[in-house]
Amino acid sequence: MSAEVPGTRRLSYKYRIYPTAAQKEAIQANIDACRYVYNRLLRMRIDSYQATKPTLKEHVLAPGADPESERPEWLRGEDGEWVYEEVANPGYDPEAKPLTKFDCSKLVRVIKTQAVSEDGRFFLKEADSSALIYANNNLDAAYQAFFRRAKQGGGKPGFPRFKSCKNPMRAYKTSGAVISRRAGEKWEKLKSFDGVEGKWTHIYLPKVGFVRVKIHRMPQGEQVSCAVRAEADGTYFAVVNVKNAPMPEAAAPVAGPVGITFGVSHWAVDSDGEVRDLPDTSDLERRLVREKRRLSRRKGARKGETKSANYEKQRLKVARIEAKIRRRREYAVHGLTSELSKTHEAVASREMASKNMLERDLRATENIPRKARRAINKGIAEGSFAEVNRQLAYKCAWRGVPFALVPSPTTSGRVGAAPSAGRCTTGRATARRTCSKRACGCSPRRKNSSKYRYWSGN
């Protein structure tokens, strides 16, 4: 594999695939094998680290709790955090060392052989070997991200978690996928993406076979890997990851610099006064409420019940409606970011943090009725403000357009904190005690906000 060329980019091409029933079983076998190897390696890394510690931290039982129950009640402190106590480690080994990524890569074959011969897990025998290697790489990436967040501080570092078979989003990564097509009685595999002609109708996945695919545009660059995803609504996708893809043509702006801000009543407003709203999904949301209500009445909706066939059919209906809503919003986000990066000389956007904005105990929202507060939180969550800024950053960088992320001035003094909903721009009026524009001297917040992004970006 060649090295990355300067002035190029990494891209991912997402294609819809249509596997047969047998191919779906093979894809599920690969997903199960990757999950099993990931969980086994995570358990082994945890045990190897604990073997280096003379003492361990254990939960303290709450007063009156039954220690023999399946889920005992643990003691919490005044701050709401768990209370631990130091106990002697019976498995302590002074010469033990924690496992590394390279140690785990040698254990993949051992785990596979042991699971097939002793535990009878024959689906590992039919699994793609490169997918198991990527499972180990994903685990090490989770560990490295945990160490990085722990060093940075500020929030929970997020220790790697075990994967569950109940997760509706299932995926695995492989390195042997090849775009193909039928040539008479034989299969023709695409060796390079340069100068491709004709129609290519299939993609070869190791241990799965030739799967029908809908290729809307050919990839550019050098293929690195391919991720196979099984969505909750029953659809399957192949995501081809490439490197050394050519950069897009430099933008030829037709308008000057622009500043953009976000809100709830209107999704985005720029400094030119143009208002952009999210696509209307009220029809789908009404259908979603109706189908979720039907799902709650199916056998299997309650905890502990065996899920019936009707429950699975209804669950697919709900997942398909949710997927339609998600795709509409994703299309709107990509359309907005592409338009701004192509048509303007420079872009300045407001820095937003939805996590802080969705807090319910802020002084700015304490006087707002509960129903109105839920509507505000719903609009904030649907806005995808951070995703818009993320796409603007890399699309402007691709096209050579200057991009500035301007911190938000808030009443709480924190960057990205919740805006003073229900307040005038001077902060002297709340939702239930409105101000008089003439006596207060404030101005429309949204109009000034977008212009503030423009001048701050400059």
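Student: Which residue of β14 is the bridge partner of Val-258?

Tutor: Val-347. Keep in mind that the model is predicted.

Student: How do you know that strand β11 and strand β14 pair?

Tutor: Count the bridges. Pairing takes at least two. Strand β11 (residues 258-262) and strand β14 (residues 347-350) have three, in the parallel sense. Therefore they count as paired.

Student: What is the order of the strands in the open sheet?

Tutor: Five strands line up as β13-β12-β11-β14-β15, with mixed pairing.

Student: What makes β13 and β15 edge strands?

Tutor: Each of them pairs on one side only. β13 covers 275-276 and β15 covers 403-406.

Student: Which residues of α1 and α3 make the contact?

Tutor: From α1, they include Val-37, Leu-41 and Arg-45. From α3, Leu-139, Asp-140 and Tyr-143 are among them.

Student: Why is Arg-45 called buried?

Tutor: Buried means under 20% relative accessible area. Arg-45 has 7%, so it counts as buried. Arg-45 lies in helix α1.

Student: Leaving aside neighbours within four places in sequence, which residues is Arg-45 in contact with?

Tutor: Leu-99, Thr-100, Lys-101, Cys-104, Leu-139, Asp-140 and Tyr-143.

Student: How do you know that strand β1 and strand β8 pair?

Tutor: Strand β1 (residues 8-18) and strand β8 (residues 209-214) are joined by three, so they pair. They run antiparallel. Arg-16 has Lys-214 of β8 as its bridge partner.

Student: How many bridges join strand β7 to β8?

Tutor: Four, and these strands run antiparallel. Strand β7 spans residues 202-205. His-202 is opposite Arg-212 in β8.

Student: Which residue in the hairpin of β7 and β8 takes a positive phi?

Tutor: Lys-207, with a value near 70°. The hairpin has three residues between its strands.

Student: How many helices and strands does the protein have?

Tutor: Ten helices and 15 strands. Of its 458 residues, 36% are buried. The protein exposes about 28,000 Å², and carbon and sulfur atoms supply 50% of that area.

Note on methods:
Residues numbered from 1 in each chain as written. Predicted model: local features only at pLDDT ≥ 70, side-chain atom pairs only at ≥ 80, totals over all residues. Heavy atoms only, no water. Helix = DSSP H or I, 4+ residues; strand = E, 2+ residues; numbered from the N terminus. Buried < 20%, exposed > 50% of the residue type's maximum accessible area, 1.4 Å probe, protein only. Areas by Shrake-Rupley, 256 points an atom, 1.4 Å probe, with all protein chains shown as cover. Contact = heavy atoms within 4.5 Å.
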